[in-house]
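Student: Please take a close look at one part of this model, the aromatic rings and what surrounds them. Then set that part in the whole chain.

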Amino acid sequence: MVLFAGLCFSFASNAIAAREPSYQIENQWVREAPPMASMLAGYLQIRNTTDRAAMLIDVSSPEFRKVEIHRTEVENGIARMVRQESVQVPANGVLVFEPGSYHLMLMMPTAPLNAGDTVSFRFEFEGGRSFDVIAPVKRADSPN
């Protein structure tokens, strides 16, 4: 009987784990900025392997006093950045943060950052899930 109860618990645990949200942060990087720049930009991809849309509600970094999610919008030939309170990652899909689209606006760095340095991020999703990610700082013209 104990063995049977143990097997039932094991199967139940695996079923619960299989239902846990599964998001991956991929290809993350921060664009190197000129010395004394007060703003940098971060790029990445968020992959959602679940059957439900995921809502990214906050991003933070100890290397910056403030991090905001922005989207570049072009209106009448003029590009402007619009702050996003949250962004939705489609079910079984990918949301791409890239130049000219969604990006992280990284404000007021706590220290100068150069190519080869790294930046720590915490991504927080609706429902209490969060992920810590390290992103390399790269020159905009560097391959990968």
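**Aromatic pairs and their surroundings**

Tutor: Both Phe97 and Tyr102 are buried, where buried means under 20% relative accessible area, exposed over 50% and partly exposed in between, with a 1.4 Å probe and protein chains only. The model is predicted, so local features need pLDDT of at least 70 and side-chain atom pairs count only at pLDDT 80 or more, while totals for chains, interfaces and linings use all residues. Residues are numbered from 1 along each chain as its sequence is written, and side-chain values use heavy atoms, with hydrogens and water left out.

A pair of aromatic rings is described by two quantities, the distance of the centres and the angle of the planes. Over the whole structure, 6 aromatic pairs are found; rings of Phe, Tyr and Trp (its six-membered ring) pair if their centres lie within 6.5 Å, and planes under 30 degrees apart are stacked, over 60 edge-to-face, the rest tilted. One of these pairs is Tyr23 with Phe125, a tilted pair with 4.5 Å from centre to centre and 35° between the planes. Tyr23 belongs to strand E1 (residues 23-31) and Phe125 to strand E9 (residues 118-125), so this pair ties together parts that lie 102 residues apart in sequence; helices (H or I, at least four residues) and strands (E, at least two) are DSSP runs, numbered from the N terminus. Tyr23 has a relative accessible area of 11% and so is buried. Phe125, at 2% relative accessibility, also counts as buried. Another tilted pair is formed by Phe97 and Tyr102, with 5.8 Å between the centres and 40° between the planes.

Next comes the neighbourhood of Tyr102. Ser101 sits in the loop that runs between strand E7 (93-97) and strand E8 (102-109). Its relative accessible area is 18%, so Ser101 is buried. Outside the four places on either side in sequence, Ser101 is in contact with His70, Arg71, Thr72 and Val96, contact meaning heavy atoms within 4.5 Å. Met81 is 20 residues away from Ser101 along the chain, and the two C-alpha atoms are separated by 8.9 Å.

Gln84 brings Tyr102 back into view. This residue is part of strand E5 (residues 78-84), and its relative accessibility of 18% is why Gln84 counts as buried. With neighbours within four places in sequence set aside, Gln84 is in contact with Ile69, His70, Arg71 and Tyr102.

The loop between E8 and E9 holds Leu113. Leu113 has 13% relative accessibility and so counts as buried. Beyond four places in sequence, the contacts of Leu113 are Glu32, Leu40, Phe64, Thr118, Val119 and Val137. Glu63 is 50 residues from Leu113 in sequence, yet their C-alpha atoms are 9.0 Å apart in space.

Two other loops have a backbone detail to note. Met36 lies in the loop between E1 and strand E2 (39-48). The phi angle of Met36 is near 70°, a positive value in a residue other than glycine. At 81% relative accessibility, Met36 counts as exposed. Asn92 is placed in the loop between strand E6 (87-89) and E7, and phi is again positive there in a residue other than glycine, near 50° for Asn92.

As for the whole chain, the protein contains 1 helix and 10 strands. Read from the N terminus on, the order of the elements is α-β-β-β-β-β-β-β-β-β-β. Of its 144 residues, 34% are buried. Among contacts with a separation of 6 or more, 65% are between residues 24 or more positions apart. The link between Tyr23 in E1 and Phe125 in E9, 102 residues apart, spans such a separation.
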